[in-house]
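Student: Could we go through the sequence and the model below in short questions and answers?

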Amino acid sequence: VINLAAKILLGGPVRDYTTGFVAARRSVLEQIALRGDYGEYCIDFLVRAVRRGFRVVEVGYICAPRASGESKTAPSFTGFIRRGRKYVTTILRLAVSR
């Protein structure tokens, strides 16, 4: 749901803003500091990289189901809402700052 909102409000070449997996050249990271305290850093970083004209390429991967343990992101619906609020706030801030 959050990724769909990001795609609609932010557009751009990125299909998965919430992946959390990012590789970048050192020179890019020196120009665009990471902001955020959890996964919203990924949304913020990708949007600012695209807006500054850096080339963003997505490489597919398979996210296999967990063999054990529980999600750090949303072990419960309450956790999802708490984490999701930060994602949504980041998306709205970036959409307004176009």
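Student: Which residues lie nearest the centre of the largest pocket?
Tutor: This is a predicted model, where local features need pLDDT of at least 70, side-chain atom pairs count only at pLDDT 80 or more, and totals for linings use all residues. Residues are numbered from 1 along each chain, and side-chain values use heavy atoms, without hydrogens or water. A pocket is an open set of points on a 1 Å grid over the protein atoms alone where a 1.4 Å probe fits, with protein on both sides within 12 Å along at least five of seven lines; lining residues have an atom within 4 Å of a point. Of the 21 lining residues, those nearest the centre are Ala23, Leu46, Val56, Val57 and Glu58.

Student: Which helix gives the most to that lining?
Tutor: Helices are DSSP runs of H or I with at least four residues, numbered from the N terminus. With three residues, the top contributor to the lining is helix H3 (residues 40-51).

Student: Is Leu92 buried, partly exposed or exposed?
Tutor: Leu92 is found in helix H4. Buried means under 20% relative accessible area and exposed over 50%, with partly exposed in between (1.4 Å probe, protein chains only). Leu92 has 46% relative accessibility, so this residue is partly exposed.

Student: Why does Val14 count as buried?
Tutor: Val14 sits in the loop between H1 and helix H2 (26-31). Val14 counts as buried because its relative accessible area is 4%.

Methods. Helix = DSSP H or I, 4+ residues; strand = E, 2+ residues; numbered from the N terminus.
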